[in-house]
Every structure is written in C-alpha cells, then in structure tokens.
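Open the model in your viewer and follow along. We will go from one selection to the next.

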Amino acid sequence: MATRDIYESGFDEDVRTESSANQCPECDGRVTTNAVETVCEDCGLVIDEQRIDHGPEWRAYDDERERTGAPLTAARHDRGLSTEIGRGTDANGNELSGQKRRRLTRMRREQTRGRFQSKAERNLAHGLSETRRISSALELSETTRDQACQLFRSAQNEDLLQGRSIEAMATASVYGACRCDGLSRTLEDVTDPARVEQSRVTNAYKTLNTELGLPAQPVTPSAFVPRLASELDVSDQIRQRARQLAEASESTGATTGVQPSGFAAACLYKAGREDGRWLTQSDIAEVANVSVVTVRTHRDTLDELAV
C-alpha cells in the first residue's frame with residue numbers, strides 16, 4: 001500500500017461543519033458550513049457565501065509564526081510599517097507618463113512631511129539610522145543590530161538623550177550591545193565609523209550602563225586572540241598557543257584591569273616567537289590598536305608567569 005493511500009485527502013471546500021444556525025430559515029432543515037458557503041442540506045438554499053477570512057495569510061504551526069506581511073523590526077522608528085512610493089514605473093514595470101510621475105513626486109513630498117508626528121519621533125528615526133549605519137560598518141549580525149536599536153529606544157524612553165548627542169548615544173548603544181553579546185569590539189573600533197568624539201561616546205555608554213543596568217560582562221583577552229590572529233594571518237598552531245597563554249593568564253588573575261586587546265597581542269607575540277615566526281611588536285601593536293610599550297609590558301608579565 002502506498003503511503004498516500006493511508007491518509008485521507010480533500011479540498012478545504014469539502015470540509016463541512018455544522019453551522020451555529022442549525023435550522024434553515026426556509027424549510028427548517030439541517031445547515032452545514034464549509035470554507036466557501038453555508039448551505040441547507042434539505043432544500044439547497046445558500047444562506048451565506050464568500051465569507052471574509054480574517055485569519056493570518058500564512059499557515060501557522062505555532063502562535064509565534066502566525067502573522068501576515070513582513071515581520072516587525074526594532075531597527076526602524078515605525079517598526080517597519082512604512083509605505084514606499086515607487087519612481088518611474090508601475091507595479092508591472094511599465095513606464096509612467098509625465099503627469100503620473102509628477103503626481104507621485106507630490107505624494108512622496110507630502111509623505112515625507114507627514115512621516116514624523118513629533119520631534120521625538122524624528123530624533124528616534126535619526127538615532128536608529130545612525131545605529132544601523134555603524135552596525136553595518138562593523139559587520140555585526142542582525143541580532144546584535146536589533147539589540148543596539150532596542151537599547152537606543154530604551155535610552156530615549158528613559159529621557160537619557162536630553163543634553164547628549166544623538167550620534168554619541170547611538171554609538172554607545174552599538175558598543176553596549178557588543179559588550180552584552182560578548183563580542184571582541186573595543187571602544188576605538190566602534191568609534192572609528194562614528195561621527196562623534198570618543199570621549200562623548202564614553203560618557204554616553206557610562207550613562208547607559210548606570211541608568212539601564214546593562215548585563216555587560218568583562219571582555220577577556222582570549223576573546224581577542226582569534227580576531228587579531230586572523231588579521232595577522234598566522235598559523236593555527238600560533239593561534240591555539242596564544243589562546244592557551246591568554247586563558248592560563250586569566251586563571252591566575254594577571255589580566256585583571258588590563259586592556260584585553262593589548263594582552264592578547266602580547267600572547268600572539270610570545271606564541272609567534274616560540275613557533276619560530278618573528279612577529280614584530282610594532283605590527284602586532286598596530287593591529288591591536290595599542291602602543292609598543294603595552295605589548296612589551298604584557299610580554300614581560302607572560303615571561304614572569306612562565307605559562
């Protein structure tokens with residue numbers, strides 16, 4: 001027996017259920033309802049037809065996926081429910097006449113004017129746009145980007161934008177999302193694509209961390225080793241040895257209070273020397289965005305630990 005013969009198949013129109021109105025208004029017969037119409041089985045009277053389906057357009061297997069249209073997103077001020085007015089062509093790809101193009105231009109201008117209902121909504125749109133731009137420049141995932149946008153929304157709801165730059169708060173939101181996700185991004189890395197000074201970003205992040213209580217964990221040097229090793233193009237053996245040095249130093253508490261990227265650079269320098277590849281301190285310091293003195297100081301610490 002074929003597998004298809006085991007299961008009953010049929011169209012949705014063939015599925016019949018008894019209607020809430022159990023009697024026909026004409027002959028008092030039994031009434032049934034399918035997906036298209038409500039019919040009396042005795043006299044054939046069509047009581048109702050072509051009903052509107054108010055349910056979701058997509059078939060859902062759980063409550064979380066029951067929706068129609070594009071999903072809502074926290075990365076835009078209107079949650080992604082905005083309207084886009086096209087240019088030049090219609091829905092079928094045909095060229096529009098000059099009169100219709102001018103009409104669409106006027107409609108687009110009026111939509112732009114009425115897009116924001118208040119000054120706060122305009123600031124929110126500008127801040128979220130800056131947050132998305134910085135996240136894209138850092139090649140962050142959509143999850144981290146959405147967390148940064150939600151963090152900026154929370155900052156505005158708590159009135160933390162008053163007296164502070166919107167660009168600084170957006171940059172601090174991206175840095176805070178990276179810290180909460182445990183990503184190896186320094187404050188300098190996040191500030192580079194931003195249009196604001198690093199000192200203002202630092203003050204904005206301190207405000208976010210204090211007022212919102214971010215669950216940010218300390219970044220360890222071992223988290224920076226893979227990224228620096230990839231930029232230096234070293235072998236897997238050097239990468240693994242540098243990670244061992246970093247983790248051993250973390251277990252002894254030697255990395256407390258130090259810059260994690262600088263200590264990771266020193267681990268790579270020591271691992272390279274052990275493997276016979278002479279990485280210069282200046283090259284490693286440039287990749288890690290630290291000074292040569294920092295690399296040399298942490299190298300001496302590793303030599304004292306003898307790990």
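A helix here is a DSSP run of H or I with at least four residues, numbered from the N terminus. With that in hand, select helix 2, residues 119-137, in this predicted model. Inside helix 2 you will find R133 and E130, 3 residues apart, or about one turn of the helix. They form a salt bridge, with the closest N and O atoms 2.6 Å apart. E130 counts as buried, at 4% relative accessibility, while R133 is partly exposed at 27%.

Zoom out for a moment. The chain has 11 helices and 4 strands, and 34% of its 307 residues count as buried.

Next, select helix 7, residues 221-232. Color P221, S222, F224, V225, L228, A229 and L232, which are buried. Look down the axis of helix 7: these buried residues fall within an arc of 135 degrees, so they line one face of the helix. Now show what covers them, including helix 8 (236-252), helix 9 (260-275) and helix 10 (281-288).

R227 is partly exposed at 21% relative accessibility, and E231 is partly exposed at 46%. Just after helix 7, D233 takes a positive phi of about 60 degrees.

Move on to helix 8, where R243 and E247 lie 4 residues apart and form a salt bridge at 3.3 Å.

For a last stop, select R241, K270, E274 and D303, which are linked in a network of salt bridges.

Conventions: Residues numbered from 1 in each chain as written. Predicted model: local features only at pLDDT ≥ 70, side-chain atom pairs only at ≥ 80, totals over all residues. Heavy atoms only, no water. Helix = DSSP H or I, 4+ residues; strand = E, 2+ residues; numbered from the N terminus. Expected span 1.5 Å × (residues − 1). Buried < 20%, exposed > 50% of the residue type's maximum accessible area, 1.4 Å probe, protein only. Arc of directions from axis to C-beta. Contact = heavy atoms within 4.5 Å. Salt bridge = Lys/Arg side-chain N within 4 Å of Asp/Glu carboxyl O.
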